[in-house]
Amino acid sequence: MRATRFPLSTSREIPADAEIISHQLMLRAGLIARLGAGLYTWLPLGLRVLRNVERVVREEMDRSGALEVLMPAIQPAELWQESRRWEQYGPELLRIKDRQAREFCFGPTHEEVITDLVRREIHSYRQLPVTYYQIQTKFRDEIRPRFGVMRAREFLMKDAYSFHLDQTSLDATYEAMREAYSSIFRRLQLDFRAVRADSGAIGGSVSEEYHVLADSGEDAIAACERCDYAANIELARSRPAMPRDEPPRVAREQATPGIQTVIEQAQLLGLALDQIVKSIVVLADGKPAVFFLAGDDELNLSKARLALGAFEVRLAEPEEAHAATGVPRGFIGPRGLPEGLLLRVDERAAAIANFSSGSNRQDWHWIDLNWGRDVALPERVDVRTVRPGEGCPSCEGSLQIRRGIEVGHIFQLGTKYSESMSAAVLDENGNSVPLIMGCYGIGVSRVVAAAIEQNHDERGIIWPAPLAPFQVAIVSINAHRVEAVQSEAKRLHEALSAAGLEPLWDDREARPGVKFADMELIGIPHRIVVSERGLAGGTVEYRGRTEPSSRDLPRERVVELLCDLRRESEARPG
Ligand code: ATP
Ligand code: MG
C-alpha cells in the first residue's frame, strides 16, 4: 500500500476528551473517528487491525468446531418478554418501535434469538451438541460510555452459544472454549489471565472472564503469585488474618455521644478496628438486610448479592437504614435489632471475641460483646472484599491485586433460557428434555484498545505482529528528486507485497522526520529507510519498532531478512 493512496489521519495533538492512552493513540494514529457518545467509525487503518483480531477469533472458533451464523441486530420484544429480560435488563437495552408501533430492541447480546433459532431447528439429541457463533455489532446504552472503543455503546462482539443434552457435554464444550480463548489471546500476544467471575444478571453458575492485564483496567483482579488462582475482586476469596482469640470479658454499654463512624468509635473507645463489628444495611431487591463485618473490612456488594441470592443489592441510604431498623446512623448493632430483619455475619466478623458494636439506641455502644453468649450468631457468609497480601484460598501463596480489562467472558448458563423459552429436544428414550446451554463472548473491538494499553511507548503504538495493520514501513527519502530512491522503494514495495509482508510505502513528499514519527505513532513493527546515501553503499536502513538504533541491510537481502524477522515475531508467545 502507498501512503499517497491510503490517507493517514495522524495528529500530534492529544485529544482533550481522551482519558486513557489507548483512546488517545487510537484517535491520534487515525484508527477511529468519533461520531457521537460511544459511537465510532473504524477508519481504513483501524479496520485492518480489527479484521486481524476477527481473523484470529474466527480461525480458533472454527477450529473448536463452532459454526458461524449471522443473526439480526434488531430483535423482537416478544422474545425478551418470554425470557423476562424485557423488564429485567434496564436502560442499557435500547428499545425501539417500528412503523406499526411494534416493539423491538437493538441486541446487546443474543441468548433469546439463538434459543429461538435452536427450538425451531434442533429437535433430536442426535443433532447435539451444537455451538453457533457470530461476529456482530452490539448496542448497549452504557451509562458512561468512555475510553473510546473500550466502553462504547456500539461495539463488535464475537458471541457463541452451545446447546447440550447433559451437563457432561456442556463441560466438554466449555473446556474446549477455554482452550480456544487461551489460544486466541496467546496468538494475539497479549498478557492475559483467566479469572473466576460473577455471572451477574445473565444467569447461570460457572463463569470465567479473560482479562488483559493493564493498569488502566476497570476491573480489579485478585491473583495468586504462586498458583493459577485468579478471581475478579467481585467474588475473590482469601485466607485473611483472623482477629486474635481471647477469653470472654463482661459485656457493658458505654456512652458514645455523637459518633458517626467506625473510626470515631475506635478512637473514643481505644479499640483497634478489628475489635469492632460494624453493621451495614442494604436493600436486596428492595428488601432490607443487615450485614455484620469486622471494622476494617469492606462489604463486597456482588458477594452480598450472591450470598442472598438476590438480583440486585445496594447500600441503604441513611434514612432507609433508619426506617428499616429504627436506629439512627452510627448506632446499629447485632444485639436487639427488630425481629424479622434478614441478618448475616461475615466469617471474619464472626471470629471476633469481645467486640464492640452499636447498641441500637442513640449515643450508646456495647463493649466486649460475644457471639452466642450475648447475641445469637446469624448465618455466616463470606462477603468481605479481599485485600492485597492475604492468603490464597487454593495454596499457601498470597494474593496480589492487579488491574485488568475484560476482553472475554464464558458462562455455563444451564437451562435458564431453554426453560423460559421452551427449547427442548427428544432424548434417546423419546422424552422431551430442556436444552442445557453455554455462552461465550469476546469484545473484538475492545481487544484492539486493550492491546494498545499493553503495548505502547512515548512515540506511539507498538503492535504485536499479528495485530499490526501493516508489517513493514518503507520510508523513501527525497524519492521525488532522486530516481534511484524512487525505483528501489518501488521494487521493495512490490517484492515485500509479493512475499506477503504487507508493506506501507510512505511515498509522501513530507520531511523524513514527519514520516518517521507517523510510522512510529501507528506502530508498524518493521521500518526500512531508502535513501540516496544508503543506496550508494548498496544498503537500506532497518529498524524494529522497539529497537534503540538502526542497522544497514544489503538491499538484495531485505526481503529474505524481513521474512525471517516476521516469522520470529509471529512465533513469539504472548
Ligand atoms: P463489562 O463488565 O465490561 O460491562 P459485560 O460483563 O457487560 O462487560 P459481556 O456481556 O460478558 O460483558 O460481553 C462480552 C464481552 O463484550 C465482554 O467481555 C467485553 O469484552 C465486551 N464488551 C462488553 N461491553 C462492552 C462495551 N460497552 N464496549 C466494548 N466492549 C464491550
Ligand atoms: Mg456490561
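In which helix is histidine 23 found?

Figure 1. The whole protein chain of the predicted model. The protein chain has 574 residues, and 54% of them count as buried. Its secondary structure comprises 16 helices and 31 strands. Histidine 23 and its surroundings. Histidine 23 is found in helix 1, which runs through residues 21-28. Is histidine 23 buried or exposed? Histidine 23 counts as buried because its relative accessibility is 5%, and the cut-off for buried is under 20%. Leaving aside residues up to four places away in sequence, histidine 23 touches Asp17, Ala18, Tyr40, Phe147 and Gly148. With glycine 148 there is also a polar approach: a polar atom of the histidine 23 side chain lies 3.4 Å from the backbone nitrogen of glycine 148.

**Figure 2. The buried and exposed faces of helix 7.** Helix 7 covers residues 262-269, and Val262, Gln265, Ala266 and Leu269 in this helix are buried. Why do these residues lie on the same side of helix 7? They cover an arc of only 95 degrees around the axis, so they are on the same side of the helix. The face turned away from the buried side carries Ile263 and Gln267, which are exposed. The cover over the buried residues includes strand 13 (252-255), strand 14 (277-284), strand 18 (355-358) and strand 19 (364-369). Just after the helix comes glycine 270, with a positive phi of about 65 degrees.

**Figure 3. The shell around ligand 1.** There are 14 residues around ligand 1, and those that come nearest are Arg140, Glu142, Arg151, Ala152 and Glu406. By class, the shell has six nonpolar, three polar and five charged residues. Strand 8 (154-164) and strand 21 (399-414) each supply at least two residues of the shell. Which strand gives the largest share? Strand 21 does, with four residues.

**Figure 4. Polar contacts and cover of ligand 1.** A polar side-chain atom of arginine 151 lies 2.7 Å from an oxygen atom of ligand 1. Backbone atoms take part as well. In valine 407, a backbone N or O atom lies 3.4 Å from an oxygen atom of the ligand. In glycine 443, a backbone N or O atom lies 3.4 Å from an oxygen atom of ligand 1. On its own, ligand 1 has 580 Å² of accessible area, and the protein covers 84% of this area.

**Figure 5. Leucine 562 in helix 16.** Helix 16 spans residues 558-571 and contains leucine 562. Leucine 562 is buried because its relative accessible area is 1%, where the cut-off is under 20%. Which residues does leucine 562 touch, not counting those up to four places away in sequence? They are Val472, Leu496, Leu501, His526, Ile528 and Tyr542. Valine 49 is 513 residues from leucine 562 along the chain, and the C-alpha atoms of the two are separated by 20 Å.

Key. Residues numbered from 1 in each chain as written. Chains lettered and ligands numbered in written order. Predicted model: local features only at pLDDT ≥ 70, side-chain atom pairs only at ≥ 80, totals over all residues. Heavy atoms only, no water. Buried < 20%, exposed > 50% of the residue type's maximum accessible area, 1.4 Å probe, protein only. Polar contact = N/O pair within 3.5 Å; in protein donor to acceptor, adjacent residues only side chain to side chain. Contact = heavy atoms within 4.5 Å. Arc of directions from axis to C-beta. Near = heavy atom within 4 Å. Areas by Shrake-Rupley, 256 points an atom, 1.4 Å probe, with all protein chains shown as cover. Nonpolar A, V, L, I, M, F, W, Y, C, P; charged D, E, K, R; others polar.
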